[in-house]
Amino acid sequence: MIDIAIEYPILFFKRTATGKAPSAWGELTQQQFIAISRTVNGIEPDFRFLSILTGIDQNLLKKLPQFDLFKLSEAIDFIGRAGNSYSEFLIPKIPGTDFVAPKPKLARLTFGQFIYTESYYNDWLSGKDETALNKFIASLYLNPNEKFKSETIGNKAEKIKSVKMDIRQAIAFNYGLIMIWLQKCYPLIFQENVEEKNASSSPEGQVKQSQWLKTFESLVGDDLINQDRYAELSVHAVLRYLTNKYKERVHETLLNLRANSV
């Protein structure tokens with residue numbers, strides 16, 4: 001956290017307003033994170049946003065010189081850095097429900113749950129459809145100790161649609177940060193998916209939705225009787241396996257190129 005002190009005159013005296021500004025995602029409160037999401041979506045006014053993040057009254061912030069406002073913005077510049085990522089959910093529980101977020105770093109998230117979550121998330125990104133947003137959150141947030149089942153998504157989405165849109169959009173924004181973190185953990189796999197998507201002649205949205213499903217189908221192959229067991233594998237276990245297979249393919253390709261060049 002960064003300590004903030006602003007001196008301002010009142011009649012013949014000077015007073016000091018103090019506050020604290022977060023310097024990293026992990027220092028944000030839920031209210032602060034929602035304010036950032038609202039700002040990203042063009043909803044939150046700048047001074048109210050700064051007030052929520054610093055604890056300084058927005059009327060005082062409006063009176064500050066441009067240089068002081070610049071210094072304040074500089075203190076929270078982690079928000080706008082390129083390649084921003086974070087591995088935890090800052091809204092751990094959806095208000096008015098028992099639904100809780102996945103563990104930090106997507107621990108225990110199954111590959112099947114990941115496929116559904118990614119599909120609805122990309123639907124939301126493509127058209128900002130509220131139904132897709134609700135199903136995305138219903139795929140991601142579960143009851144405590146609940147195992148993911150796609151059959152429950154519809155009923156859960158009905159409950160989630162009454163949650164404030166600010167909270168739902170903040171969850172989607174948070175997931176975007178986590179996906180950037182995941183891409184950094186498994187760059188070979190995500191780069192391969194991007195290349196396959198670009199090479200495809202299918203519409204962009206359709207490719208985004210089907211990419212991980214195609215991966216799942218290639219994993220299962222002819223072993224259809226055990227497809228539920230594949231879906232219940234940890235997403236990290238699958239991505240680590242795919243990374244190793246990708247490296248093996250690259251190694252074999254290099255060996256073949258060397259053999260053919262002799």
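Guide: Let us begin with Lys-128, which counts as partly exposed at 47% relative accessibility; please keep in mind throughout that this is a predicted model.

Visitor: Why is Lys-128 called partly exposed?

Guide: Buried means under 20% relative accessible area and exposed means over 50%, with partly exposed in between. Lys-128 has 47% relative accessibility, so it counts as partly exposed. This residue lies in the loop between H5 and helix H6 (130-140), and its phi is near 55 degrees, a positive value in a residue other than glycine.

Visitor: What makes Leu-106 count as buried?

Guide: The limit for buried is under 20% relative accessible area, and Leu-106, at 0% relative accessibility, therefore counts as buried. Leu-106 lies in the loop between helix H4 (66-75) and helix H5 (111-127), and although it is not a glycine, it has a positive phi of about 55 degrees.

Visitor: Which residues is His-236 in contact with, leaving aside its neighbours within four places in sequence?

Guide: They are Lys-105, Leu-106, Trp-181, Leu-182 and Tyr-186. His-236 itself lies in helix H12 (residues 235-261), and because its relative accessibility is 13%, it counts as buried.

Visitor: How do you know that the side chains of Asp-166 and Arg-38 meet in a salt bridge?

Guide: The rule asks for a side-chain nitrogen of Lys or Arg within 4 Å of a carboxyl oxygen of Asp or Glu, and for Asp-166 and Arg-38 the N to O distance is 2.7 Å. This pair links distant parts of the chain, with Asp-166 in helix H8 and Arg-38 in helix H1 (residues 30-40), 128 residues apart. Asp-166 counts as partly exposed because its relative accessibility is 24%, whereas Arg-38, at 18%, counts as buried. By this rule the count comes to 7 salt bridges.

Visitor: What makes Glu-130 and Arg-168 another such pair?

Guide: Their side chains meet at 2.9 Å, N to O, and the limit is 4 Å. Glu-130 lies in helix H6 and Arg-168 in helix H8, so the pair ties together parts that are 38 residues apart in sequence. With a relative accessible area of 35%, Glu-130 is partly exposed, while Arg-168 is buried, with a relative accessible area of 4%.

Visitor: Where do Glu-74 and Lys-71 lie?

Guide: Both lie in helix H4, 3 residues apart, about one turn of the helix. Glu-74 forms a salt bridge with Lys-71, the closest N and O atoms being 3.0 Å apart.

Visitor: Why is Ile-171 called buried?

Guide: Its relative accessibility is 2%, so Ile-171 counts as buried under the limit of 20%. Ile-171 lies in helix H8 and, not counting residues up to four places away in sequence, touches Ile-91, Ile-94, Phe-136, Ile-137, Leu-140 and Tyr-141.

Visitor: Which residues have the most contacts inside the largest nonpolar core?

Guide: They are Trp-25, Phe-136 and Tyr-141, in a core of 73 residues. The largest share of this core, 10 residues, comes from helix H8 (residues 165-185).

Methods. Residues numbered from 1 in each chain as written. Predicted model: local features only at pLDDT ≥ 70, side-chain atom pairs only at ≥ 80, totals over all residues. Heavy atoms only, no water. Core = buried A, V, L, I, M, F, W, Y, C linked by side-chain atoms within 4.5 Å. Buried < 20%, exposed > 50% of the residue type's maximum accessible area, 1.4 Å probe, protein only. Helix = DSSP H or I, 4+ residues; strand = E, 2+ residues; numbered from the N terminus. Contact = heavy atoms within 4.5 Å.
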